[in-house]
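Hi there,

Here is the structure I promised to pass on to you. Have a look at it first, and then read on for what I found in it.

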Amino acid sequence: MNQRMNARTADCQQDQLSEALVEQIGKAMLEHYKMELSKKVTHTKKQKALACRFNGGSVPYGYQIDDEKHYQINPDQTSVVQDLFRRFAAGVPMTELLRGLETKGVRNAKGNCYTRKTLTKLLSNRIYIGEYRYTDIVIPDGVPAIVDKELFDAVAARLANPNCR
């Protein structure tokens, strides 16, 4: 009887060890799968970036994404972006620009009203001069430009001066 108990105890211990080993192998396989998937996703996103294709996130106001995932100018929004840049460069206060956007019902990519912060982000986004950016990849003329470099630089100079906002 004692021998049978010892055999059962040994069998239970062996089963527990086997379960622990299977669990550890499963965890290791899952970790390996996650690492490989991460590498593939990173590689795919880098390839998309090198081809100046949309990689997710919010599409900047004034642009739309075509079927091949390239940025294209949104003709319904382009004039608003150009007007914002021109008027801000000409000295129009940001509060007046924000009021105008609110009056026209213009919303940001998330469907919210523009704020000083989101308008500043729009006015400083280099995509509007055609610069494609994704992480550390920067491609000049990678997307269609909505404003020229001179206008963009004039706006950037004004944004750099806190008294002119």
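Accessible areas come from the Shrake-Rupley method, which uses a 1.4 Å probe. By that method the protein exposes about 11200 Å², and carbon and sulfur atoms supply 53% of that area. Please keep in mind that this is a predicted model.

Let's begin with the overall layout. The protein has five helices and four strands, and from the N terminus on they run α-β-β-α-α-α-β-β-α. The chain has 165 residues, of which 26% count as buried. If you take the contacts with a separation of 6 or more, 47% of them involve residues 24 or more positions apart.

Next, the charged side chains. Side chains of opposite charge can pair when their charged atoms come close. How many salt bridges does a search of the whole structure find? There are six salt bridges, and I'll walk you through some of them.

Another salt bridge joins Glu102 and Arg107, where the closest N and O atoms are 3.9 Å apart. Glu102 is partly exposed, with a relative accessible area of 43%, and Arg107 is partly exposed at 33%.

A disulfide is a covalent bond between the sulfur atoms of two cysteines. The search of the whole structure finds zero disulfides. Cys52 is buried, with 9% relative accessibility, whereas Cys113 is partly exposed at 31%.

Now back to α2, this time for its packing. Which residues of α2 meet α4? They are Leu84, Phe85 and Phe88, and on the α4 side they meet Leu119, Leu122 and Leu123. Helix α4 covers residues 116–123, and its axis comes within 11 Å of the axis of α2, crossing it at roughly 95 degrees. Because angles of 65 to 115 degrees count as roughly perpendicular, α2 and α4 are roughly perpendicular to each other.

Finally, take a look at Lys149, which has its place in helix α5, residues 149–160. Lys149 is partly exposed, at 39% relative accessibility. Leaving aside residues up to four places away in sequence, Lys149 touches Arg126 and Ile129. What is the distance in space between Lys149 and Tyr128? Their C-alpha atoms are 8.9 Å apart, while in sequence the two residues are 21 positions apart.

Enjoy exploring!

Best wishes

Methods
Residues numbered from 1 in each chain as written. Predicted model: local features only at pLDDT ≥ 70, side-chain atom pairs only at ≥ 80, totals over all residues. Heavy atoms only, no water. Helix = DSSP H or I, 4+ residues; strand = E, 2+ residues; numbered from the N terminus. Buried < 20%, exposed > 50% of the residue type's maximum accessible area, 1.4 Å probe, protein only. Contact = heavy atoms within 4.5 Å. Salt bridge = Lys/Arg side-chain N within 4 Å of Asp/Glu carboxyl O. Disulfide = S-S within 2.5 Å. Axes fitted to C-alpha atoms, helices over the stretch in contact; angles between N-to-C directions. Parallel < 35°, antiparallel > 145°, perpendicular 65-115°, else oblique.
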